[in-house]
Amino acid sequence: MMKSKNFWISLSLLNLCIVTVLGVILRSKALFDLPIIDYNHLLNAHSHFAFGGWVTLALMVLLMHTLLTESQKQKSIYQFVFWSIFVTVWGLLFTFPFSGYNTWSTYISTLFTFTTYIFSWVFIRDVLKAKVSKTVLILSIASVFCMVLSSAGSFTLGYLFATKSLKAILYRDALFSYLHLQYNGFFTLAVFALLFQKIESKFSVEVQKKIYRFALVLVISILPSMFLSYHWHDPSFLFHVIAYIGSALLLISFGLFIPVLKAILKLYKSVPILFKFIGGLSLGAFMLKMFLQSFTIINFFGNLVFGDRPIIMGFLHLVFLGFVSLFLLAYFAKTGLLNTEKTFTKVSLVVFAMGALLNETLLWAQGFAAMLIQSSDIFPWLLWGAGIWLFIGAALIGIARIISVPSVVAEKKKAQVREGFSPSIPELKRF
Amino acid sequence: MRKKILTAIAVCTLFLIVKCGTDTQPTTTTQSTVAKKDTVDNGIGQFKDVKLTHPLDQGMAGKGEDIYKAKCIACHKLTTEKLVGPGWKGVTDRRTPEWIMNFITNTNVMLDSDLVAQQLMVVCVARMPNQNVNNDDARFVLEFLRKNDGKN
């Protein structure tokens, strides 16, 4: 069952919509009596679905379609992987909310993890043979490798839940390692692999070298900076040293990113304001993330941050919504996966981006208010509103996708027929 | 073919919902045994004997409410309903004042060694991080908890 890139992107957007619905229910739980819903079980569903159903699916589909050669894309194993990802995350959607980690959800998430292994194995072998630049190659391979590595964290967590032994240090370390490898590893590196695949060839050799240097340091920084997450429990001297190296590497790659950013800004000087807005927010979120992350090395900040739930939530949403989701949407818009010639699509994207910004502002405000011990019982209401806003944005994007994109395909087909050119099947599939 | 898969998903879904419905039972029983069990457990920490005033100190309760709104509201509701952590209604009936203050100020040690705290952690599937609440503030929160439970 070969399905086009379009089909999978539509499904990932549907999944994004469901993620926001779960988010709204979670925030409603803080305000209203909803005894049927178990917050933490639903939270598991929300996060697993966001990771798997939206970002992992979208990133895998884009990596496969933009980096690999035409003949590699035809492999049915990729279709199997995408189906398996889709079915398992939907399985999780219907198991986690009701019972959290139980036999079924653990079983299904194990299947999900094995699917990511299969993808990594096939993808790494293919991308080595595909004609991509050195930069894109190291970024994409490291990205997929981090995804595989992160499963060690999730297996440890599964074990801890199964044996009901939530030992402080192991629990936090497993959770933070998993999140680190997913966010800063898999997601971040995949985003840059996709971005540079798209734009690298438009730059001079000199700029390309700068991009390569940035990518290399970013990749190298992933493992040492993971030790920043262990810093809070005062581990051995060696751990501290590695964490310091990680922090330094993050700052170096931050520094190396600035000339790259300048080049990108120059390249995109004349794009419509919509891209500037969404792309700018996304890259801004990335830089803020790098900055904040490297600062957790200072124990004072680390302690403040790791116990302050709104701040943790703010950081997670900064990377997930601000950086990765907005990048994906900007990418969809730029490559025609979302038709930005229609005003409706533009409006939907702006609504979602504003929602992400609002959500972020509120979480940080709540987090800082908690640090300063300022009363803030208005925040749960405001956050609830932001959740609904994001849901409306995601729903509008979904609708925009349904009403606009099929017509694009039809028009292009018509145009090709008019020119007396009948498209071959692989070409049609590329849409 | 797609139809077949969709039907398969639907059947699995239904089955899972039924299965999960039966699975939630044991969790609720654990919760109620946790709730009933302890009246003498004072937890682990520096608080051995907390002096309460009758009627309760409204000023202290007010300060406690401010701390609640700033530091606790993201995870705890004032009703019996669990959010990230347990709901606070009735906690002063379930636990001693000493246990509550020890838990607030000595969170990590309690979660690693106190049996009741550990059971609660398993029920909630989440581990509360230390909130850096000092002794005075913990006392204010306790007073707010008493007020929330309608104590005098």
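The legends below walk through several close-up views of this predicted model.

Two notes before you start: residues are numbered from 1 along each chain as its sequence is written, while chains are lettered from A and ligands numbered from 1 in the order in which they are written. Because this is a predicted model, local features need pLDDT of at least 70 and side-chain atom pairs count only at pLDDT 80 or more, whereas totals for chains, interfaces and linings use all residues.

**View 1. Chain A as a whole.**
Chain A holds 15 helices and zero strands; helices (H or I, at least four residues) and strands (E, at least two) are DSSP runs, numbered from the N terminus. Its radius of gyration is 21 Å, close to the 22 Å that the globule rule gives for 431 residues, so chain A is as compact as a globular protein of that length. That radius is taken over C-alpha atoms, and the rule is 2.2 Å times the number of residues to the power 0.38. The C-alpha trace of chain A spans about 70 × 50 × 40 Å along its principal axes. Of its 431 residues, 48% count as buried (20 or more other C-beta atoms within 10 Å of a residue's own; 12 or fewer makes it exposed, in between partly exposed, with C-beta atoms placed from the backbone). Among contacts in chain A with a separation of 6 or more, 79% come from residues 24 or more positions apart; two residues are in contact if their C-beta atoms, placed from the backbone, lie within 7 Å.

**View 2. Helix 6 beside helix 8 in chain A.**
Helix 6 (residues 134-162) of chain A and helix 8 (residues 205-226) of chain A have axes 9 Å apart and pack at an angle of about 15 degrees. Axes here are lines fitted to C-alpha atoms, for helices over the stretch in contact, and angles run from 0 to 180 degrees between N-to-C directions. Helix 6 of chain A is therefore roughly parallel to helix 8 of chain A, as angles under 35 degrees count as roughly parallel, over 145 as roughly antiparallel, 65 to 115 as roughly perpendicular and the rest as oblique. To find the contact, look for residues including A:I138 and A:A142 on helix 6 of chain A, and A:A215 and A:V219 on helix 8 of chain A.

**View 3. A:G23 and its surroundings.**
A:G23 sits in helix 1 (residues 5-29) of chain A. It counts as buried because it has 26 C-beta neighbours inside 10 Å. Leaving out residues up to four places away in sequence, A:G23 touches A:H46, A:G387 and A:L390.

**View 4. Helix 4 crossing helix 7 in chain B.**
Chain B has seven helices and zero strands, and buried residues make up 39% of its 152 residues. The axes of helix 4 (residues 97-105) of chain B and helix 7 (residues 135-148) of chain B come within 9 Å and cross at roughly 130 degrees, which means that helix 4 of chain B is oblique to helix 7 of chain B. Among the residues making this contact are B:I100 and B:I104 of helix 4 of chain B, and B:A138 and B:L142 of helix 7 of chain B.

**View 5. Confidence in chain B.**
Chain B has a mean pLDDT of 77, and 74% of its residues reach 70 or more; pLDDT is the predictor's confidence in each residue, from 0 to 100. Over residues 5-39 of chain B, pLDDT stays under 50. Where pLDDT is low, the predicted coordinates should not be read in detail.
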